[in-house]
Amino acid sequence: MKNIAQVGERQNQPQNNNSMKPLFKKQRQFVKAVLDSVHKYILYSGGIRSGKTIALTFAVILFAIHNPGCLILLGAKSSKVLNNIVLREFFRWIDFLETHKQAENPYTFSPLLKKVKRDSSGITNIYFNNGSEVLLLGFDNSTRYEHIMGATLDMVALSETSFYDMDTLRALDGRLSGTVSRCPKFIGDTNPSPDILNPCYKMFVEREHTKTVKVVHTTPFDNPYLDKEYLKKFDEFGLLELREENNFKFTIRGTLHYLADGPLQGALMGLHGTR
């Protein structure tokens, strides 16, 4: 079978009911860093519609495939976000990759997943056929958090990394050992934030020029699948700097009164990490 890491880059994808689009350049940079043996801390920083969840979930799946028997924690700020947003993209990728595998090798095809475990809060564990396991955690579930914190992990993957406090990030980092993978990974996605005291900023961005840290900065303008009319709205409201800005905090030309009302309120809040 061809290297499955290349599937996300293919233009001639098999046609099915779940045709995932090829990863664009910034997403590929993030996934490549997750699969290398150099970087331990990798962050995908981008505003609304920058492809964060798609890149994060694809990276988790590829890490599980390439490191048989590994243990991964995939977390989100709440069980609702985990189940409704993160896992939706996770299983879309699984469906797409299995369809791709089956199309290439119909006689030797075997599913990627062995089983999925659930409880009253939703899915709790995802087991791959190669022995890898993904532990799922919504951080509003304190009981499960205490249970998981006894695990020895090969990867921590967090959605909306700027949501967590430094004690939580350090505690999770302390659970990484790399018992299966040669290079344990702490990865996440985040909205950009003007707050340089944010723990996510201090853990990743402040150290992005060190050998083990990789931060991929992106904006909606990097996403080739967005409608031109949609992107044009950003230019109309003076967000041209976003095209070239390469920093965790983006600057807006003019005033911020657009935050008070109007169609771009949500977009601006997403671009600035405002909650």
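Colleague: Why is Phe 90 called buried?

Modeller: Look at its relative accessible area, which is 0%. Buried means under 20% relative accessible area, exposed means over 50%, and partly exposed is in between (1.4 Å probe, protein chains only). A value of 0% is under 20%, so Phe 90 is buried. This is a predicted model, in which local features need pLDDT of at least 70, side-chain atom pairs count only at pLDDT 80 or more, and totals for chains, interfaces and linings use all residues. Residues are numbered from 1 along each chain as its sequence is written, and side-chain values use heavy atoms, with hydrogens and water left out.

Colleague: And Phe 91: buried, exposed or partly exposed?

Modeller: Phe 91 has 27% relative accessibility. That is between 20% and 50%, so Phe 91 counts as partly exposed.

Colleague: What makes Phe 90 and Phe 91 an edge-to-face pair?

Modeller: Two values decide it. The ring centres are 5.4 Å apart, and the planes are at 80°. Rings of Phe, Tyr and Trp (its six-membered ring) pair if their centres lie within 6.5 Å; planes under 30 degrees apart are stacked, over 60 edge-to-face, the rest tilted. Since 5.4 Å is within 6.5 Å and 80° is over 60, the pair is edge-to-face.

Colleague: What makes Trp 93 and Phe 96 a pair, and of which kind?

Modeller: Their centres are 5.9 Å apart, with 70° between the planes. That is within 6.5 Å and over 60 degrees, so the pair is edge-to-face. Both residues lie in helix α3, three residues apart, about one turn of the helix. Helices (H or I, at least four residues) and strands (E, at least two) are DSSP runs, numbered from the N terminus. The protein has eight helices and eight strands.

Colleague: How many aromatic pairs does a search of the whole structure find?

Modeller: Ten. Ring pairs also link Phe 139, Tyr 145, Phe 163 and Tyr 164 into a cluster.

Colleague: How do you know which residues Phe 90 is in contact with?

Modeller: Contact means heavy atoms within 4.5 Å. Leaving aside neighbours within four places in sequence, Phe 90 is in contact with Thr 57, Val 60, Ile 61, Leu 74, Ile 126 and Phe 128.

Colleague: What makes a group of residues a nonpolar core?

Modeller: Its members are buried Ala, Val, Leu, Ile, Met, Phe, Trp, Tyr and Cys residues, joined through side-chain atoms within 4.5 Å. The largest one here has 43 residues, and Phe 90, Val 60 and Leu 74 are among those that touch the most other members. Elements giving two or more residues to this core include α1 (25–35), α2 (52–66) and α3 (79–104). α2 gives the most, ten residues. A second, separate core of 26 residues includes Leu 73, Leu 137, Leu 153 and Phe 186.

Colleague: Why is Leu 153 called buried?

Modeller: Its relative accessible area is 1%. That is under 20%, so Leu 153 is buried. Leu 153 is found in the loop between α4 (142–148) and β6. Leu 153 and Leu 73 are 80 residues apart in sequence, yet 7.1 Å apart in space, C-alpha to C-alpha. Beyond its neighbours within four places in sequence, Leu 153 has contacts that include Leu 71, Leu 73 and Leu 135.

Colleague: Why does Glu 160 count as buried, and why does Arg 49 count as partly exposed?

Modeller: Glu 160 has 17% relative accessibility, under the 20% limit, so it is buried. Arg 49 has 44%, which is between 20% and 50%, so it is partly exposed. Glu 160 lies in the loop between β6 and α5 (166–174). Its phi is near 55°, a positive value in a residue other than glycine. Arg 49 lies in the loop between β1 and α2. Phi of Arg 49 is near 65°, also positive in a residue other than glycine.

Colleague: What makes Lys 115 a charge over the ring of Tyr 127?

Modeller: The rule asks for NZ of Lys or CZ of Arg within 6 Å of the ring centre and within 35 degrees of the ring normal. Lys 115 lies over the face of Tyr 127, at 5.0 Å from the ring centre. Likewise, Lys 21 lies over the face of Tyr 225, at 5.8 Å from the ring centre.
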